Amino acid sequence: MRVLITGAASRLGQAIASRLRERHQLRLLDSTPVEPGPNATFVQASLTDPQALWQALRNIDAVVHTGQPPAELPADELARDQLLLDLATRGTHVLFLAAVEAGVKRLVYTGTLEVLADYPDDVYLSEMWKPLPPPTMPVLSRYLGELTCREFARDYLVSITALRLGRLVLEEEVAGQPGDLMWLDLRDAAQAVECALQRDASQRVWWTQRWGLYHVAAPIANPKFLYSQATHLGYKPEHRFASHWGGEAP
Amino acid sequence: MNKKVLVLGAAGLIAPNITAYLDPHYDLTLVDIKPHPHGRPIGRVDVTSYEQVREAARGMDAIMNYTVNRPDPVLSFKVNTLGAWHVLKAAAELGIKKILHSGPQTVRPGYEYDFDVDDPPPIVGSGYYGITKYLGREICQVYARAYQIQTISFVFNGLESNPTLPVAGDFPTFTVTWEDLAHACRLALEVESVPNYFQEFNLHSYLGHQKYLLDKARRLLGFKPQREWTAFHRRPT
């Protein structure tokens, strides 16, 4: 497939590109320059530039919208939050509208499990739980981005798969730190994105089937964030954070 | 002493028609980016500027947000989504505990051919008006929960003057008269509490259709249409 990846300069964008580049042709998009690497091209553009996005989406089969903040954010907190909100809402809308107009049928959005962080640790959280995003913009904006994606699944014959990712780390870099129930290894996140790209529900009549929402978490023992739905996509996480949580995965 | 209420979008399509009803009861501060259509004194506040919203809101007991942009690909996000965030952020920062918000009937298009529609989740689609107001609504909900800001959102479509003569035709669905909207705003400004700090209410003035129900507004706010508008839409027999 020919896959456009937004937020390509981010750590997540890089991990996804690394995972996908062997089997897919990539077009990396970011407002910050990125070395595209093998089997990829780069487009420098803002998500709020409809013309640039329309050009970037020509001859693309699938979009991975990482929803990641740009590398350079304003130092001023208000300006930063305004930018994050604008990119997550208007930027996502501009991107998805351009994508459906360009005939793209598969879209993947990476949101965050942080929208469920307010729940206590003694519950098992599946996709059935109501998000309770905090008013902090880095999380709130990701939630609003997810909602924006969902409305496109209602309106268009496209397959939209939203992955709520855990807190992204590399397993080896958090060795020795206190365990975090929300940790997710970047490589497993990238694997989940590759699985999500295989999902095509674009011709389903019911919008609820064109839309897919999946939690993506690490396979730790006694998990708080359940990812069993994502296994139906083929997701098989490998990074268990065993030195923190021990035991076998459920 | 009357409560101090900031009215954003005071020169728009809605506010100028209800402020006269509210004037005797509240100390209203009218602000907008354009002159008031009836020539009333008005402050200039652009809801897309956080600093302007915050300074206008300072010292207020409540904020009524009637700003809106419907079709513009950029301004709809700036006014309806970013603007809503500015209002709630200012309320949180200044300790204001009452917000009146409005959502268009376009959060209900998925129910257009249903009846007994009471309090369903919004279905908005990707059109600029619906989605940007919906995102603003979600921001209201998040802030209401986090900061215990009592936020009441009215969902309606049309707005009409009070009929005075018999009308040979049906009453438009989901339409509220100015008088009823002003009455609902008063109830919302005065209600002590609502569950979960954020509540959205259907609002209209005509009970004949049995389509969009007013049960929740009646139950939580004590709202009912002020007059029997069905009397003006009687077919002679």
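User: Which residue of chain A does Lys78(B) form a salt bridge with?

Analyst: A salt bridge here is a side-chain nitrogen of Lys or Arg within 4 Å of a carboxyl oxygen of Asp or Glu. In this predicted model, Lys78(B) pairs with Asp86(A), with the closest N and O atoms 3.7 Å apart. Between chain A and chain B the count is 1 salt bridge.

User: Before going on, what should I keep in mind about the numbering and the model?

Analyst: Residues are numbered from 1 along each chain as its sequence is written, with chains lettered from A and ligands numbered from 1 in the order in which they are written. Since this is a prediction, local features need pLDDT of at least 70 and side-chain atom pairs count only at pLDDT 80 or more, while totals for chains, interfaces and linings use all residues; side-chain values use heavy atoms, leaving out hydrogens and water.

User: How many salt bridges are there over all chains?

Analyst: The total comes to 26. One of them joins Arg11(A) and Glu173(A), at 2.6 Å from N to O. Those two sit 162 residues apart: Arg11(A) in helix H1 (residues 11–20), Glu173(A) in the loop between strand E7 (167–169) and strand E8 (183–185) of chain A. Helices (H or I, at least four residues) and strands (E, at least two) are DSSP runs, numbered from the N terminus.

User: How do I read the interface between chain A and chain B?

Analyst: The size of an interface is often given as the accessible area lost when the parts come together. With a 1.4 Å probe and the loss summed over both parts, chain A and chain B bury about 2200 Å², 66% of it on carbon and sulfur atoms. Counting contact as heavy atoms within 4.5 Å, 26 residues of chain A meet 29 residues of chain B.

User: And how large is the largest pocket, and what lines it?

Analyst: Rolling a probe the size of a water molecule over the atoms shows where empty space is left. A pocket is an open set of points on a 1 Å grid over the protein atoms alone, where a 1.4 Å probe fits, with protein on both sides within 12 Å along at least five of seven lines; lining residues have an atom within 4 Å of a point. The largest holds about 810 Å³, a volume being the space filled by probe spheres set on the points. Among its 32 lining residues, Lys130(A), Tyr143(A), Arg137(B), Glu138(B) and Gln141(B) are the closest to its centre. H4(B) gives the largest share of the lining, 6 residues.

User: What about the second largest pocket?

Analyst: That one has about 560 Å³ of space. It has 27 lining residues, and Tyr66(B), Thr67(B), Val68(B), Asn69(B) and Val79(B) are the closest to its centre. E5(B) provides the largest share of this lining, 3 residues.

Notes. Buried area is the accessible area (1.4 Å probe) that two parts lose on being put together, summed over both.
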